[in-house]
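Thanks for passing this one along.

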Amino acid sequence: MEWFNTIIIMLDATLRVATPLLFAALAGMFSERAGVVDISLEGKMLASAFAAAAASSVTGSVWCGLLAGIATSVFFALIHGFACITHRGDQVVSGVAINILVAGLTVTLGRYWFQQGGQTPQLKDAERFKPIEFPFAQELADVPVIGHVYSELLSGHNILVYLAFALVPLSAWVLYRTRFGLRLRAVGENPSAVDTAGISVTWLRYRGVLICGVLCGFAGAYLSTALTGGFIANMTAGKGFMALAALIFGKWRPVPVMLACLLFGFLDAAAVRLQGVEIADGVAIPVELINAAPYILTVFLLAGFIGKAIAPKAVGTPYVKER
Amino acid sequence: MYALELKNINKSFGDVHANKNICLQIPKGTIHGIVGENGAGKSTLMSIIYGFYEPDNGEILVNGNALKINDSCDAIAAGIGMVHQHFMLVENFTVLENVLLGAEDGAMLNESLGKARKRLEKLEEEFSLEVNVDAIVERLSVGLQQRVEILKALYRDAKILILDEPTGVLTPQETKHLFKILNILKEQGVTIVLITHKLQEILDITDNVSVMRQGEMVAHTKTKGTTREELAELMVGRKVRLKVDKSDSEVKESLLSIQNLSVIDHQNVPRVNNVSLEVKAGEVVGIAGVSGNGQSELLEAIAGITAIQAGKIQFAKEAITPEHPISPDKIRKLGVAHVPEDRHKMGMVTKMTASEAAILGYHNDKTYNGRILMDLKAVEQDCAEKMQRWDVRPPKPELKSANFSGGNQQKLIIAREVEQNPDVLLIGQPTRGVDIGAIEFIHEQVIKLRDAGKAVLLVSVELEEIMALADRIVVMFDGQIVGEVAAKDADELTLGLMMANAAGNEDNQQEN
């Protein structure tokens with residue numbers, strides 16, 4: 001049963017690592033389905049992670065932290081929207097600007113406020129999201145297979161993990177079953193059609209960007225107040241870009257996007273697990289190679305497999321009424 | 001009382017007075033044509049009626065009530081529907097979703113979809129507009145997509161339907177069907193405004209016609225009792241000849257011979273399929289077809305822009321084969337000139353000055369270059385001369401090419417290619433977006449080239465143009481040549497049937 005336990009532990013780690021990716025990828029989905037490219041997922045996450053940890057530490061309430069994280073992320077989302085939607089600026093440039101701004105700002109503010117070299121103070125228990133034990137998880141832990149899966153894999157995560165995965169069917173429902181979803185999908189494909197149907201393109205795109213901000217807020221707060229116990233400089237470490245990759249890999253659809261996030265998460269978990277494992281006598285797999293594995297695979301997947309992922313047609317182009 | 005009445009509408013963009021004191025009265029249940037050249041202000045006027053622009057002043061009355069139309073929402077509420085020249089459809093949505101977009105009943109889709117389906121089926125029956133409501137729009141033919149646009153308007157209870165250049169993309173048969181639908185709509189009391197530059201269509205279907213020229217309404221008349229010539233004269237402001245004078249062609253040796261040519265695009269879709277064609281000195285060969293049936297790719301393959309996968313393109317001295325591609329530059333030197341279909345994308349760089357645009361592709365010629373730097377004086381001088389010979393207005397080589405009208409840009413491009421004295425001229429959509437006066441001139445020049453013993457390969461979606469210029473007409477459908485006729489034996493009906501491949505063999509029909 002050793003290997004079974006190993007797998008369970010790895011899958012358990014997968015869920016934890018995949019959660020911020022999933023939040024961010026779904027965030028990107030709402031933005032890009034509305035036709036706004038968002039490479040500032042990374043920046044918004046980082047901003048939210050900092051704000052959440054800082055607010056949580058100061059107020060002593062993790063919920064205040066979460067709210068602060070979301071508010072900060074939404075603020076940057078609105079800046080992105082203002083630049084790209086209202087002023088029809090270049091969406092990539094705006095996104096890069098936000099990423100750079102946030103990377104510097106979080107460390108600077110952190111140093112100034114907390115005097116800990118850019119980090120926030122270590123969070124106490126009340127200032128973090130704690131695991132939720134499912135009923136009877138303890139009692140069932142010894143039941144083979146099912147009990148393991150229940151108590152080790154499914155039970156014992158914090159609320160944000162469950163929320164992230166609950167958001168997948170919810171997003172699918174919003175996107176495909178509601179009026180808002182129909183319009184959102186339409187505005188990412190052909191904003192002129194939306195405009196001539198008498199719907200405001202601007203407001204619709206802003207709503208997409210706002211949802212993106214809220215979800216990025218969750219992703220960031222998760223990183224600093226749930227997965228770890230505080231903010232560290234540049235703690236997103238490219239997760240925003242991984243989320244973008246997952247978004248493309250999942251072809252801008254909720255369920256495939258989730259699967260892509262899980263795959264990336266699994267690679268990450270496997271990397272941790274495989275460190276120090278010897279493939280032959282005395283020859284260990286280099287740690288660097290393992291750490292690089294998710295990125296290498298992403299490159300391969302993006303280059304090879306999903307060459308035919310078709311983005312929303314109007315993504316990246318500001319809407320200008322034709323003359 | 002009129003269904004739609006405009007009183008003294010004015011609209012300026014900066015210095016350009018796009019609409020000057022426009023007055024228009026359209027009686028209920030009639031089909032009203034609006035003709036005018038490109039830039040005459042037709043589209044601006046329609047955009048004002050549909051709420052895209054706010055007029056500087058003036059009044060819009062719908063059924064006698066003065067209305068303020070600020071956006072498309074107001075227009076729709078006033079019962080105005082519009083079928084745009086470029087369809088406003090979400091291509092990967094179904095017909096049903098497209099019609100519903102913006103006219104949903106509530107926040108949840110399921111209910112509205114059910115209702116919409118029932119109403120659409122009723123509408124389709126009422127107006128004989130058969131479309132499968134569950135079909136994905138991008139898989140529908142252009143004619144059907146247009147029907148979806150009409151359905152969209154009717155679903156929103158449009159009582160006034162504006163159609164902007166609706167027949168530009170249709171085969172003659174599809175056009176006929178469209179007109180049938182319009183007549184049914186008219187019987188049901190819908191008022192129709194038809195914007196077009198095709199005079200024959202105006203005569204065929206409208207009750208009244210208004211002519212616009214340079215932002216003004218220059219005439220309102222009953223369609224009965226007017227003629228094409230009269231309308232053309234009103235549009236241009238002077239007499240124009242609508243027929244091209246040409247003698248019989250004297251055909252000599254072959255200058256361009258294509259054998260079993262196949263082109264597959266980067267998405268792996270076959271675009272040109274086993275095409276063989278010959279163009280001889282002293283003849284114009286016209287390629288007819290609904291746009292998107294491989295004509296563009298054929299032209300680009302001959303010009304060396306697109307790689308070919310099979311077959312051979314034989315010029316006088318050299319041949320393109322899949323193993324032996326020739327660069328566009330080399331092909332030009334072999335005496336093949338190319339006027340691309342889309343002048344903004346391939347014909348010129350609109351940000352360059354006219355003199356620069358006028359040497360593109362020939363910019364390495366000795367005449368334009370000193371030892372190290374370009375000889376800008378020679379370039380400008382050369383352009384000034386071309387402008388004079390080709391009547392390009394305004395004759396200012398230093399002006400940005402974007403600031404010339406479509407007709408003058410086109411004249412400049414054709415001048416650039418033809419003045420190189422090529423043996424073969426490849427020319428795509430020579431008069432797209434070009435005013436009537438310039439069309440007349442361009443057509444004359446093409447015939448002149450032919451009479452000088454050159455070979456001309458013409459691609460155009462305007463059947464009238466092909467029939468006026470070509471000596472021989474081949475029809476392309478789905479990448480293949482499906483028919484060939486001598487121009488004197490050609491008529492629109494048979495060509496139209498070939499373009500739709502209605503006479504095609506069974507294999508082809510099954511594919512469709």
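This is a predicted model: local features need pLDDT of at least 70, side-chain atom pairs count only at pLDDT 80 or more; totals for chains, interfaces and linings use all residues.

1. For contacts in chain B with a separation of 6 or more, 67% are between residues 24 or more positions apart.

2. **Overall build of chain B.** Chain B contains 18 helices and 20 strands. Its radius of gyration is 25 Å, close to the 24 Å from the globule rule for 512 residues, so chain B is as compact as a globular protein of that length.

3. **Two domains.** Chain B splits into domain 1 (2-236) and domain 2 (254-511). The C-alpha centres of domain 1 of chain B and domain 2 of chain B are 33 Å apart.

4. **Where the domains meet.** Ten residues of domain 1 of chain B touch 14 residues of domain 2 of chain B. On the domain 1 side, the elements giving two or more residues are helix 6 (172-187) and helix 8 (228-236) of chain B. Helix 8 of chain B gives the most to that side, with three residues. By class, the domain 1 side has five nonpolar residues, four polar and one charged.

5. **Where the chains meet.** The contact between the chains draws on 21 residues from chain B and 16 residues from chain A. On the chain B side, helix 2 (72-77) and helix 4 (109-126) of chain B are the elements that give two or more residues. Helix 2 of chain B supplies the largest share of that side, three residues. The chain B side is made up of eleven nonpolar, six polar and four charged residues.

6. **A helix pair in chain A.** Two packed helices are described by the angle between their axes and the distance between the axes. For helix 3 (residues 62-86) and helix 10 (residues 201-227) of chain A, the angle is about 145° and the axes are 7 Å apart. Helix 3 of chain A passes helix 10 of chain A in a right-handed crossing. The contact of these two helices of chain A has 16 nonpolar, eleven polar and one charged residues.

Conventions:
Residues are numbered from 1 along each chain as its sequence is written. Chains are lettered from A and ligands numbered from 1 in the order in which they are written. Domain bounds come from an automatic or database domain assignment. Two residues are in contact if their C-beta atoms, placed from the backbone, lie within 7 Å. Helices (H or I, at least four residues) and strands (E, at least two) are DSSP runs, numbered from the N terminus. Ala, Val, Leu, Ile, Met, Phe, Trp, Tyr, Cys and Pro count as nonpolar, Asp, Glu, Lys and Arg as charged, and the others, Gly among them, as polar. The radius of gyration is taken over C-alpha atoms; the globule rule is 2.2 Å times the number of residues to the power 0.38. Axes are lines fitted to C-alpha atoms, for helices over the stretch in contact, and angles run from 0 to 180 degrees between N-to-C directions. A crossing is left-handed if the near helix is turned anticlockwise from the far one by less than a right angle, and right-handed if clockwise.
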